Amino acid sequence: MNTYLPFILFTVLTNAAAQIMLKYGMTQIGDFSSLHSNLVIKLLQVVFTPFVFLGLCTFVISMASHLYVLSRVELSYAYPFLSLAYVVVAVYAYFIFHEDLNAMRVLGISLICVGTVFIAQGGTKQDAVAAQAKIQTASLEETSK
């Protein structure tokens, strides 16, 4: 298992949490026409709605975590995991926001999960190098006995 998988999953969960908070915050705002007509003031009203603001702050945390992951893990390994945020959001939206979760969406979610498992099983180049180093160390220990 990749050493950085917990950080990747933290990124996924904070990304999903941010989406959920943004959605909740925007449902509190309602129709944009009820906001002030000046675009800048309207934008500030949206940004400083408590759940929208919290969602944006959570996005910053998610992005910081993702930057850390990207500094340690191959992009082609880490990035596909972000699709799991869709899975979390879709399930949460179904139960909390009562959004539609039809057969096609369930099939799509299943394919995302299967694809992510394949990516995780494939590992990274760094994992392969670490495994090879372990084998070489074990070989050297055996020959020195």
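1. Read along the sequence, the elements follow the pattern α-α-α-α-α-α-α, and the count is seven helices and zero strands; helices here are DSSP runs of H or I with at least four residues, strands are runs of E with at least two, and both are numbered from the N terminus. The model is predicted, so that local features need pLDDT of at least 70 and side-chain atom pairs count only at pLDDT 80 or more, while totals for chains, interfaces and linings use all residues. Residues are numbered from 1 along each chain as its sequence is written, and side-chain values use heavy atoms, with hydrogens and water left out.

2. Of the 145 residues in the chain, 25% are buried (buried means under 20% relative accessible area, exposed over 50%, and partly exposed in between, with a 1.4 Å probe and protein chains only). Among contacts (heavy atoms within 4.5 Å) between residues at least 6 apart in sequence, 75% join residues at least 24 apart.

3. Two packed helices are described by the angle between their axes and the distance between the axes. Helix α1 (residues 5-29) and helix α5 (residues 84-96) pack at an angle of about 40 degrees, and their axes are 8 Å apart. That makes α1 oblique to α5, since angles under 35 degrees count as roughly parallel, over 145 as roughly antiparallel, 65 to 115 as roughly perpendicular and the rest as oblique.

4. Which residues in α1 and α5 meet? From α1 come Leu9, Val12, Leu13, Asn15, Ala16, Gln19 and Ile20, and from α5 come Leu84, Ala85, Val88, Val89 and Tyr92. By class, this contact of α1 with α5 has 10 nonpolar, two polar and no charged residues.

5. Not counting residues up to four places away in sequence, Ile8 touches Val69, Tyr77, Ala78 and Phe81.

6. His98 is found in the loop between α5 and α6 (103-122) and is exposed, with a relative accessible area of 66%. Although His98 is not a glycine, it has a positive phi of about 55 degrees.

Methods: Axes fitted to C-alpha atoms, helices over the stretch in contact; angles between N-to-C directions. Nonpolar A, V, L, I, M, F, W, Y, C, P; charged D, E, K, R; others polar.
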